[in-house]
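Please look through the structure below before reading on, and keep it in view while you work through the report that follows.

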Amino acid sequence: MADKIHVQSNINGYDVDFLCESRQSLLEVLRDVLNLTGSKEGCNDGNCGACTVTMDGRIVESCCILGVEAEGKEIITIEGVASADSLHPVQQAFLEEAALQCGICTPGFIVSAKNLLEREPDADEERIRFWLAGNLCRCTGYDKIVRAVLKAGEVMRKG
Amino acid sequence: MNYESNIVLSENQYKVVGTRPVRHDGVDKVTGRALYGADIHMPQLIYGKILRSPHAHARILSINVDKLIDNPLIEAVVTCSDLPEMEPGQENASLKYLRDNVIASDKVLYKGQPVAAVAAKSSHDAEEALTLIEVEYEILNPVTTAYESIYENTTVIHEDLNTTETYASIRNPRNIASHIQHSIGDVYKGFEECDVTVEKEFHTKTVHQGYIEPHNATAFWNKDGRLTIWRSTQGPFEVRETTARILNIDVSSIKVVPLEIGGGFGGKFDPYGDPVAALLSKKSGKPVKIVMSRSEDLESTGPTPGSYIKIRIGANTDGRILAAEALLAYEAGAYPGSPVDSGALCIFAAYDIPNLEINGYDVVVNKPKTAAYRAPGATNAAFATETVIDEIAEKLNIDSLDLRIKNAAKEGTRRPDGPIHPKIGSLEVLKAMKEHHHFNTPINKPNEGRGIAIGYWMNGGGPASCTLQVNYDGTINLNEGSPDIGGTRTSVAMQAAEVLGLQAEDIFPSVLDTDAIGYTSGTGGSSVTFKTGRAAYDAALDLKRKLMSRAARIWDVDITLVAYQNGEFIAGIDHASNPEQHMTFRELAEQLEDTGGPITGSANTNGEGEGGAFAGCIVDAKVDPETGKVDITRFTIIQDVGKAIHPSYVEGQMQGGSVQGIGWAMNEEYIMDNKGHMMNSNLLDYRMPTSLDIPMIDTVIVEVPNPRHPYGVRGVGEVSIIMPPAAIANAIYQAVGIRLNNLPMNPETVMKGIWSSQE
Ligand code: FES
Ligand code: FES
């Protein structure tokens with residue numbers, strides 16, 4: 001058994017201590033150590049975006065980050081997107097616009113899209129397509145996802 | 001643009017059916033709470049990893065696991081010798097194929113085929129332990145395409161495949177697993193009467209379903225002999241049955257618990273890790289989880305076949321197609337079972353052709369055993385038919401849509417495989433295409449062209465079960481056995497709600513395990529909203545009858561005096577116009593406990609009566625003649641869905657299938673080296689469409705109700721993938737004047753086409 005390293009970070013607003021092996025990715029830590037299974041593994045090499053989380057406000061593919069790199073960082077996963085009493089506008093728009101079919105890509109898309117709209121709530125179709133090009137969806141053909149993000153942007157602009 | 005997108009051409013109006021409620025499992029799926037196959041955790045869980053063949057074709061001489069025997073990190077090791085002895089009399093060939101595909105015995109037939117497995121406390125330890133297993137192989141020559149396998153190569157893949165027929169022109173019939181033939185009329189005479197004929201050969205590559213969630217299986221073999229399997233699957237009952245066959249145990253000793261599924265498209269019916277995880281669990285006494293990596297998934301699970309198709313179609317100057325013939329050779333992969341049967345069925349099924357002959361060959365090659373993929377076999381076939389039809393229209397100087405309208409199959413046309421088409425929406429779809437804004441907007445930009453294509457898919461049905469339990473607050477728990485891959489909990493619940501005069505939100509649907517619900521065939525063949533929807537409809541009728549009789553008992557009147565209207569039970573001599581008694585659904589529900597006990601409605605159906613799907617697409621493509629890159633600039637799909645229960649999710653199926661078809665057309669392929677190794681088994685190099693590659697996918701829902709479903713539902717999931725490759729090829733021809741016969745139409749193929757046209 002490999003030695004474990006003590007890591008302290010802040011995940012979804014909570015200070016979290018965990019032990020991880022140096023070879024474990026952040027995605028493995030989230031899923032297997034912390035039981036935050038909302039982040040998904042679709043490829044484990046940075047090509048599908050299903051594992052997308054934010055680290056200090058930037059989107060990262062958690063399969064390409066080591067667990068130990070979370071030391072001192074703020075991580076937001078899909079489990080941290082909704083508030084205690086309501087869904088985030090992006091989540092709400094995904095529901096209303098039927099922007100998910102199987103839903104396995106959805107956590108990654110929502111984390112990415114939220115990050116985009118927080119910077120650019122008026123992002124247009126092309127900007128959205130460009131920003132989300134790192135997230136693969138095999139079910140929807142992207143049409144309804146793009147519409148949902150446009151709609152969420154509208155809601156967020158109105159505040 | 002000044003036109004309405006995503007239109008629904010609707011015939012009937014219902015209260016719930018045809019509306020767009022939020023799906024029941026939606027909140028779980030947007031918050032990351034939904035549990036998919038790989039998300040399961042349980043006490044003592046250990047992890048399995050599979051050692052896979054590094055060769056595409058080899059004999060296994062020995063497997064040595066001695067180095068793992070006393071390794072403290074290792075909990076269990078499994079090879080084919082851990083599978084039960086095959087009993088004489090078990091159908092041996094097909095069972096051996098199934099077993100060898102989960103863990104090979106004497107030969108490996110594709111790179112990535114499992115040969116051994118280990119379980120350890122961590123997946124990393126299990127993975128490292130695989131390097132300690134020693135396997136000796138005698139490497140054999142591989143053959144990786146259907147064309148090579150029967151025309152060029154003499155490698156024999158299965159010694160025991162006894163092909164008795166002999167075929168002119170086929171050099172190596174020993175790799176043909178089966179031959180299927182359909183014929184109508186007299187092709188020879190038919191072609192003699194034609195003024196124009198076009199004959200072409202087509203080659204397409206192996207492509208994968210590409211679901212974003214790799215295969216997974218977690219198994220626990222309890223001390224009482226009961227085996228539980230948790231996984232994401234399209235067919236829990238199919239997994240139960242096949243696993244039972246492989247392990248030679250009773251189906252009743254296996255419980256399959258379907259967790260949420262991250263896409264399947266036909267690829268998640270077959271067991272892969274399940275029997276292996278079960279054996280590892282039996283040996284270790286602990287639950288074992290196996291999750292495939294992406295490259296394992298691409299190299300070892302069933303893709304859909306590459307193919308070779310030769311086709312000839314002829315017509316007279318009036319534009320009547322008089323004769324057609326086709327030869328289809330589809331890669332089965334390592335073991336028999338390509339979808340050449342449905343390819344052969346569909347290749348001319350969209351048309352009414354008086355004389356035809358179709359020969360289909362199921363050809364084994366050294367690639368993973370193919371599995372179903374959305375309208376299996378039909379996309380390859382339509383690529384051939386629909387591009388040749390386009391060429392005939394050009395030669396006859398007739399608009400290609402008019403040629404299709406003139407020759408389309410309709411109610412009463414005999415399908416090439418025998419049955420007569422019942423009511424199908426072919427002419428309605430073609431009319432909607434002709435009237436669509438997209439079709440009527442001229443394009444005149446340089447190097448941009450428009451193509452169309454049509455497609456037919458027969459859809460599927462199958463047995464299904466459903467129960468409805470009334471809650472005291474007037475809501476209903478609906479239980480079904482169909483894994484929900486794209487919103488079917490809701491489309492099934494809506495049908496029960498419609499019968500009962502309730503809202504979709506009053507029904508709480510759940511997908512149960514194989515111990516808890518009656519047999520339900522898998523989520524495939526576009527069947528769930530049709531068959532499980534039918535079961536829910538029937539269960540709702542059953543429930544309604546039982547509730548009416550309870551109301552009669554409460555009111556102490558004869559049941560014939562009770563009716564249920566608009567969510568209310570009423571009674572009286574003349575109950576419709578002058579009810580003496582009223583009770584809402586909820587008021588009755590509240591009393592059930594005290595008036596005779598709870599009530600459940602239930603139904604099982606055999607799921608017959610599916611309606612075939614007919615669709616067309618219109619696509620604009622822009623070709624860069626310098627680089628060969630093709631951009632899809634506008635795309636419209638028009639489909640007869642029978643009745644859209646939840647139009648948003650129907651559109652989603654149409655859009656998703658279209659984009660998979662675009663990926664197949666433009667980029668996707670298994671790139672194989674001469675050793676039979678896949679060179680691009682990752683999602684960077686196996687390049688599926690991203691959001692940036694695709695425009696909005698406009699939809700037109702045409703509704704020609706299926707007379708054999710209470711709301712007219714046809715399947716909607718599959719037909720949309722069939723048309724894009726052909727339509728895009730036709731668009732490329734309009735753009736730059738080259739006809740492409742090979743998929744994918746990537747820049748290399750396009751440039752080769754452009755260069756050879758300049759020679
Ligand atoms: S799992 Fe991280 S990008 Fe695919
Ligand atoms: S909804 Fe299935 S992959 Fe996106």
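How many bridges join strand 11 of chain B to strand 12 of chain B, and do these strands run parallel or antiparallel? The model is a predicted one, and in it 5 bridges join strand 11 (residues 227–231) of chain B to strand 12 of chain B, with the two strands running parallel.

## A parallel pair and its crossover

Between the two strands the chain passes through helix 6 (residues 236–247) of chain B, and the β-α-β crossover formed by strand 11, helix 6 and strand 12 of chain B is right-handed.

In a regular strand the side chains alternate between the two faces of the sheet.

## An antiparallel sheet with a helix across it

Chain B also has an open sheet of 3 strands in the order 21-22-23, and the pairing in this sheet is antiparallel. Strand 21 (562–565) and strand 23 (581–584) of chain B are the edge strands, each of them pairing on one side only. On average, neighbouring strands of the sheet are turned by 20° against each other when direction is ignored.

Strand 22 (residues 568–571) of chain B is joined to strand 23 of chain B by 4 bridges, and Ala571(B) stands opposite Gln581(B) in strand 23 of chain B. Helix 15 (residues 528–555) of chain B lies across strand 21, strand 22 and strand 23 of chain B, and runs at about 130° to strand 21 of chain B.

## Two domains of chain B

Chain B is divided into domain 1 (38–141 + 213–293) and domain 2 (464–605). The centres of these two domains of chain B, taken over C-alpha atoms, are separated by 41 Å, and the contact takes 15 residues from domain 1 of chain B and 13 residues from domain 2 of chain B.

On the side of domain 1 of chain B that touches domain 2 of chain B, helix 6 and strand 12 of chain B each supply at least two residues. The residues of this side of domain 1 of chain B divide into 7 nonpolar, 5 polar and 3 charged.

## Where chain A meets chain B

The contact between the chains takes 45 residues from chain A and 43 residues from chain B. Helix 2 (89–96), helix 3 (106–119), helix 4 (125–131) and helix 5 (143–158) of chain A are the elements that give two or more residues to the side of chain A that touches chain B, and the largest share, 4 residues, comes from helix 2 of chain A. By class, this side of chain A has 22 nonpolar, 13 polar and 10 charged residues.

## Backbone exceptions

Most residues other than glycine have a negative phi, and most peptide bonds are trans. Asn35(A), although not a glycine, has a positive phi of about 60°, and Asn35(A) lies in the loop between helix 1 (26–33) and strand 3 (52–55) of chain A. Phe265(B), also a residue other than glycine, has a positive phi near 55°, and its place is in the loop between strand 12 and helix 7 (273–284) of chain B.

Are these two residues buried or exposed? Asn35(A) is exposed because 10 other C-beta atoms lie within 10 Å, whereas Phe265(B) counts as buried because it has 28 C-beta neighbours inside 10 Å. Finally, a cis peptide bond with an omega of about -5° joins Leu743(B) and Pro744(B), and Pro744(B) lies in the loop between helix 18 (724–736) and helix 19 (747–758) of chain B.

Notes
Residues are numbered from 1 along each chain as its sequence is written. Chains are lettered from A and ligands numbered from 1 in the order in which they are written. This is a predicted model: local features need pLDDT of at least 70, side-chain atom pairs count only at pLDDT 80 or more; totals for chains, interfaces and linings use all residues. Two residues are in contact if their C-beta atoms, placed from the backbone, lie within 7 Å. Ala, Val, Leu, Ile, Met, Phe, Trp, Tyr, Cys and Pro count as nonpolar, Asp, Glu, Lys and Arg as charged, and the others, Gly among them, as polar. Two strands pair if DSSP finds at least two bridges between them. A crossover is right-handed if, with the strands pointing away from the viewer, the path from the first strand over the helix to the second runs clockwise. Axes are lines fitted to C-alpha atoms, for helices over the stretch in contact, and angles run from 0 to 180 degrees between N-to-C directions. A residue is buried if 20 or more other C-beta atoms lie within 10 Å of its own, exposed if 12 or fewer, and partly exposed in between; C-beta atoms are placed from the backbone. Domain bounds come from an automatic or database domain assignment.
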